[in-house]
Amino acid sequence: MRQGTHRELPPQWWRKAVFYQIYPRSFCDSTGSGVGDLRGIVSKLDYLQTLGIDGIWLSPVCASPQVDNGYDISDYCAIDPLFGSMEDMEELIREAAERKIAIILDLVLNHSSDRHPWFLEARKGRDNPYHDYYIWREGKDGCPPNDMRSVFGGSAWSYVPELGLYYFHQFSPAQPDLNWDNPKLRRELYDSILFWVKKGVRGFRLDVIDQIAKEPDSYITINGPKLHEYLRELSAACFQESSIVTVGEAWGANVERARQYSAADGSELSMVFQFEHMGLEQTDGSKWNRKPLYLPELKHCYEDWQQGLHGYGWNSLFLNNHDLPRIVSRWGDDGQYRVLSAKMLATMLYGMEGTPFIYQGEELGMTNISREIGEYRDLETLNYYEEARQAGLSHERIMDSVHSRSRDNARTPMQWSAAAQGGFTKGEAWMEVNENYTFINAESQTDREDSVFSYYRKLIRLRKEREIFTEGSFRLLLPEDERIFAYERESEREKLLVVCNFSGNEQTFTPSHEYETGRCLISNYGDLDKCLRPYEAYMIYVQKA
Ligand code: TEU
């Protein structure tokens, strides 16, 4: 029997599961180093069990110089000492399994760290056996081979003078892209994945998986021609055990592609994270340029995905992760209506078909931060600030974007209690805790019935109790209404109505007759009224005759 497992999971168990993403550096520090660690996570497993989740997606904990907080891996089969030891990891897998919680690791297969032994070898010479693990090109007249840009700013090419060659990196220069066209490289990656499967890990989140088949000579980054071929090979080599769940991060996915990724034959992945809904507030092709959310657009987006994958594939459901600003500060109201709007947003999402992913602190209604630029740690944010300054933008304008869009909004330490540093560390936190920890924290919410935490807990339970959540079809109501998001789910025997007021004003909405005898499964005001109150949300359930 594999290590760390105590039960067999049915195939596709993840369709009824709820996952919880942990950003280890910001979750819980057990040593006082100021950085969260694996033992810290173990100490919070009871909290997660109370919440009712079935699995943890752990952001990278492998050995890394931490240029991009672990998304730059220098050894795929070792734990970074910053987070603990291999024994700690084994203990986490074991302790989690005892609570029926699966561990899902984050695989960063598109690139490695520039400190990975492969890259150190690769840059030694053109005939080094590892040279072809990466993507090298000659320059053109003393310049990079082409003008491709990295996601984090600057050229996507960096020069190695000893070799007289440039290497390709879609992210920072410290994250050289791996060359998936090399079968030896692919085999090595598969071996390291199988290493973790053997340890009892039950699944993987695959970082920027739609970028692995890049072809920089043709300016192709996402969805390269060989992408699905590589995915099928990867899946056949590593994910065939029926209980393995896989979630690919795919910024370039549309419904059609997602059907292919998540096809029920399991030839590729279980599901993907797609980001269409997350891009609706951006304009001019940059995440830093914002426009207000137009609710009908969001509703149509969900409609497309819900209907498009129903019966064909599977959706993931999420509103937050470590790269995104906090949802309550984004689509909700993080002031007067913080608690109500956090619950409303969860209601909107948890009525849908798919597998929900909670990002740490979301279940508490944690919010964005607004700080001076010197307080930010994320390399994407810091690079953007420099580039925008050089382009002549004012400090105020840039900071407005940073405050609303920076990835650090999600990365402030978890707020456990009203104690110093929010109970996250006994030392000095690597990034300062959001000052609202005094009133937004886990300790004050776990035992309170009206808390955001208890609301998430209830939603999770509901999804397990009723088939409609996994089986029902989706129908959007009032498609053009700019304030109300309402939809129905329907299966052979059941119907569910989900109603959400996205505004701070009263709205009028009357459920149709068939719901008159229905049962209110959940409501963020605790009761129903004639009108829809600010940020009100509820679900009504009926069993068909
Ligand atoms: O993110 C992919 C990615 O493209 C992001 O950089 C995204 O465009 C950006 O964060 C939006 O602000 C993944 C990881 O989730 C992220 O943390 C890593 O930095 C990145 O890959 C590189 O590994």
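A polar contact here is a pair of N or O atoms within 3.5 Å; within protein, one of them must be able to donate a hydrogen and the other to accept it. With that in hand, let's look at two spots in this predicted model.

**Gln415**

Gln415 sits in the loop that runs between helix H13 (408-411) and helix H14 (452-465). Is Gln415 buried or exposed? Its relative accessibility is 0%, so Gln415 counts as buried. Beyond its neighbours within four places in sequence, Gln415 is in contact with a set of residues that includes Leu364, Met366, Gly422, Val433 and Tyr437. Asn436 is also one of these contacts, and a polar contact links the side chains of Gln415 and Asn436. Arg466, by comparison, lies 51 residues from Gln415 in sequence, with 32 Å between their C-alpha atoms.

**Helix H11**

Helix H11 covers residues 379-390, and its 12 residues should span 16 Å at 1.5 Å a residue; the end C-alpha atoms are 16 Å apart, so the two values agree. Which residues of H11 are buried? They are Leu379, Glu380, Thr381, Tyr384, Tyr385 and Ala388. Strand S13 (286-290) and helix H12 (395-405) are among the elements that cover them.

The two ends of H11 have details of their own. At the start, a side-chain oxygen of Asp378 reaches towards the backbone nitrogen of Glu380. Just after the helix, Gly392 adopts a positive phi of about 95°.

Here are the two atom pairs with their distances:

| Pair | Distance |
|---|---|
| Gln415 side chain and Asn436 side chain | 3.2 Å |
| Asp378 side-chain oxygen and Glu380 backbone nitrogen | within 3.1 Å |

Technical notes:
Residues are numbered from 1 along each chain as its sequence is written. This is a predicted model: local features need pLDDT of at least 70, side-chain atom pairs count only at pLDDT 80 or more; totals for chains, interfaces and linings use all residues. Side-chain values use heavy atoms; hydrogens and water are left out. Helices (H or I, at least four residues) and strands (E, at least two) are DSSP runs, numbered from the N terminus. Buried means under 20% relative accessible area, exposed over 50%, partly exposed in between (1.4 Å probe, protein chains only). Contact means heavy atoms within 4.5 Å. The expected span of a helix is 1.5 Å times one less than its number of residues.
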